[in-house]
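Q: I'm new to this one. Can you walk me through it bit by bit?

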Amino acid sequence: MLFIKILIIDGQGGGLGKQLVLAIKPAFPCAEITAIGTNSVATNAMLKAGADNAATGENAVVVGCRQADIIVGPIGIVIADSLFGEITPRMAVAAGQSNAKRVLIPVSHCNTFVAGVPGLPVNRLVQDAVEQLKGMIN
């Protein structure tokens, strides 16, 4: 399997990011998983879940997006001012303009809804994200 850099971005309490780390790490043991939180609580949650590297804040998101092969996170990471204001315009631009492939989880909060996507439980969304990654990597 190829060595690949997966960047997981999350905010709030890092619950989604934690679940992503826990699901992606065993599915792709050769991947380097970097977790970047918009706040230290989110970062710590992902680090405790087993991320290889971790950082916090706007500049970490910008730099991480330049270095990643694949970016994974809630859909709000590409929408300025989402996650209750935790995603700055600079973060959204970095994630949206990155050359990395993106797997965006369609969580419906912060006034963002994706038409045609049923309101699935988060654990099912995480499973689908892992399947999307398998299609990209294999």
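Q: Okay, where is Leu-125 found?
A: Leu-125 is found in helix α6. Keep in mind that this is a predicted model.

Q: Is Leu-125 buried or exposed, and why?
A: Leu-125 counts as buried because its relative accessibility is 9%, and buried means under 20%.

Q: What does Leu-125 touch?
A: Leaving out residues up to four places away in sequence, Leu-125 touches Ile-105, Pro-106, Val-107 and Leu-120.

Q: And how far is the Leu-125 C-alpha from that of Leu-104?
A: Those two C-alpha atoms are separated by 9.6 Å, while the residues are 21 apart along the chain.

Q: Back to the helix. Which strands does α6 lie across?
A: α6 lies across β1, β4 and β5, and its direction is at about 165 degrees to β5.

Q: Let's do the sheet then. What order do the strands have?
A: The order is β3-β2-β1-β4-β5, in an open sheet of five strands with parallel pairing.

Q: Which strands stand at the edges?
A: β3 (53-56) and β5 do. Each has a single partner strand, so one side of each lacks a neighbour in the sheet.

Q: How many degrees are neighbouring strands turned against each other?
A: On average 20 degrees in this sheet, with direction ignored.

Q: How many bridges do β2 and β3 pair over?
A: Four, in the parallel sense. In β3, Thr-56 is the residue that stands opposite Gly-37.

Q: New topic: α1. How many residues has it?
A: α1 covers residues 15-27, which is 13 residues. From first C-alpha to last, α1 reaches 19 Å, close to the expected 18 Å.

Q: Which residues of α1 are buried?
A: Leu-16, Gly-17, Leu-20, Val-21 and Ile-24 are. These residues are on the same side of α1, because they cover an arc of only 135 degrees around the axis.

Q: Why would residues a few places apart point the same way?
A: An α-helix has 3.6 residues a turn, so residues three or four places apart point the same way.

Q: What covers the buried residues of α1?
A: The cover includes the strands β1 (5-10), β2 (32-37), β4 (70-74) and β5 (101-105), along with the helices α2 (40-48) and α6 (122-137). As for direction, α1 lies across β1, β2, β4 and β5 and runs at about 160 degrees to β1.

Q: How many residues has the largest nonpolar core?
A: It has 25 residues, and those with the most contacts inside it are Ile-6, Ile-8, Leu-20, Ile-24 and Val-72. Two or more residues each come from β1, α1, β2, β4, β5 and α6.

Q: Which element gives the most to this core?
A: α6 does, with six residues.

Q: What about a second core? Which residues does it include?
A: The second core is separate and has 17 residues, among them Val-61, Val-62, Ala-92 and Ala-94.

Q: You mentioned Val-72. Where does it lie?
A: Val-72 lies in strand β4. Its relative accessible area is 0%, so Val-72 is buried.

Q: What does Val-72 touch?
A: Not counting residues up to four places away in sequence, Val-72 touches Ile-6, Leu-7, Ile-8, Ile-9, Leu-20, Ile-24, Val-103 and Leu-133.

Definitions and conventions:
Residues are numbered from 1 along each chain as its sequence is written. This is a predicted model: local features need pLDDT of at least 70, side-chain atom pairs count only at pLDDT 80 or more; totals for chains, interfaces and linings use all residues. Side-chain values use heavy atoms; hydrogens and water are left out. The expected span of a helix is 1.5 Å times one less than its number of residues. Buried means under 20% relative accessible area, exposed over 50%, partly exposed in between (1.4 Å probe, protein chains only). The arc is that of the directions from the helix axis to the C-beta atoms. Contact means heavy atoms within 4.5 Å. Two strands pair if DSSP finds at least two bridges between them. Axes are lines fitted to C-alpha atoms, for helices over the stretch in contact, and angles run from 0 to 180 degrees between N-to-C directions. A nonpolar core is a set of buried Ala, Val, Leu, Ile, Met, Phe, Trp, Tyr and Cys residues joined through side-chain atoms within 4.5 Å.
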